[in-house]
Amino acid sequence: MATMRAIKRRKESIQSTEQITKAMKLVSTVKLQKARARAESTKPYFEAMYTTVAAMLAKSGNIMNPYLQSGASQKKAIIVITSNRGLAGGYNANVCRLVMESGIPKEDALLYTIGQKGKEILSHKGYALASDYSEVINAPLYSDAAAIGKEILQAFADDQIGEIYLAYTSFKNTVTHEPKLLKLLPVEMDTENISREEQLTPMNYEPEEDEAIGRIIPKYLCSLIYGALLEAAASENGARMQAMDSATSNAEKMIDDLTLMYNRARQSSITQELTEIIGGAEALS
Amino acid sequence: MADNLFELKVITPDRVFYEGQAYMVEMNTSEGQIGVYKNHIPLTCALEPGVLTIHEEAGATVKKAAVHEGFVTILKDSITILAEEAEWPEEIDRHRAEEAKVRAERRLNSGDGQYNRLRAEVALKKALVRLSLTK
């Protein structure tokens, strides 16, 4: 049996770890609430944007717009949203695994990373990096999303990339977060959900339909990227909260076990001392 | 006169900026200034930086706001404005807008490539809209 001192030292070390995980859990709970409120406040914009774009594309089915077709280039851009810090369970690893298992060959992929962790993991695996915006994930702004969207669309217009994907963690609720891979460009939309009435309303466009689509799609992309950034931030804090919660309860369990071990060791050492004293006294008499 | 009113929604990425009934809306589209009443033909158009004027009722006081870049979808009885930025006059920082105006003017005068010129023009337009509202 380990000595009493060794057990005590181990117990103390676990106790201080528990304090840290507990504090981190509290911090991420507060951050989660904030991030979640922000993610929810952007939903109306995104939904309105989605209906507008979907209605537009449904009515102009045969329009030829560069945004609706794959570019000439074989390269596929992937925007990967992860976190800057670890200790969030499988949060970062799940997004990276999704990218690796997406069926996009490593040689054809070009990464735009947001978040240090994803950048580290994927560049270690040999993926090519186009640019990195890790600093925005802590407090995502719409202008950040717009800047990222602009750069990527420029690359698309210059034929450096043929398709654009977005890998992020979607936030369902506090306990469920799901890694997702979305195809951003060329735009593919499920136009069946639009009501008949809406499909039948003739719509006029100013400027011309083609130009209007060319103007609205970049905005649609930016709103998608912005929504993904906010959801990813909420998911990150949710994942960290869960990870820290289970770390805290593991630590508690270990402390319980160690306390039991410590008490046993203490008792056996007392018993041993007593036997020694009695044995000594008997030898003398 | 409730028959003359339509639903108006102004949404930005961060919030629902305005939601309610309106009698007439004036805005600055890429093709020029327009004013829209109820029963307008369905129309989708692009917005340029400009002042959005909301008449909540005929002849009543109007609400003004700065709206920068976006889209408007006009249907028979509803108007939805999707703007990248929207501000009420009291939210505008006049000092900052003035600085932005001077900066944009300097950039335009220095003539630094076409891309920068476009950006500076947009910045100048935004600054002028903001200033016109805070006077």
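Chain B holds 2 helices and 8 strands, taken as DSSP runs numbered from the N terminus (helices H or I, at least four residues; strands E, at least two). Along the sequence the order is β-β-β-β-β-β-β-β-α-α. The C-alpha atoms of chain B fill a box of roughly 55 × 30 × 25 Å along the principal axes. Of its 135 residues, 44% are buried, that is, under 20% relative accessible area with a 1.4 Å probe and protein chains only.

The model is predicted; local features need pLDDT of at least 70, side-chain atom pairs count only at pLDDT 80 or more, and totals for chains, interfaces and linings use all residues. Residues are numbered from 1 along each chain as its sequence is written, chains are lettered from A and ligands numbered from 1 in the order written, and side-chain values use heavy atoms, without hydrogens and water.

The largest pocket has a volume of about 2,200 Å³. It is lined by 49 residues, of which A:K150, B:E69, B:E84, B:V122 and B:K126 are closest to its centre. Two or more lining residues come from each of helix 5 (142-157) and helix 7 of chain A, and strand 8 (78-87), helix 1 (94-110) and helix 2 (113-134) of chain B. The lining comprises 22 nonpolar, 5 polar and 22 charged residues.

Helix 7 of chain A (residues 209-284) also contains A:L274. Because its relative accessibility is 46%, A:L274 counts as partly exposed. A:I270, A:L274 and A:I278 form a nonpolar surface patch of about 270 Å².

Note on methods: Patch = residues over 30% accessible without salt bridge, like charges linked within 9 Å, V, L, I, M, F, W, Y side chains within 5 Å. Areas by Shrake-Rupley, 256 points an atom, 1.4 Å probe, with all protein chains shown as cover. Salt bridge = Lys/Arg side-chain N within 4 Å of Asp/Glu carboxyl O. Buried < 20%, exposed > 50% of the residue type's maximum accessible area, 1.4 Å probe, protein only. 1 Å grid on protein atoms, 1.4 Å probe; cavity = no way out; pocket = protein on both sides within 12 Å on 5 of 7 lines; lining within 4 Å. Points joined across faces, edges and corners; volume = space filled by probe spheres on them. Nonpolar A, V, L, I, M, F, W, Y, C, P; charged D, E, K, R; others polar.
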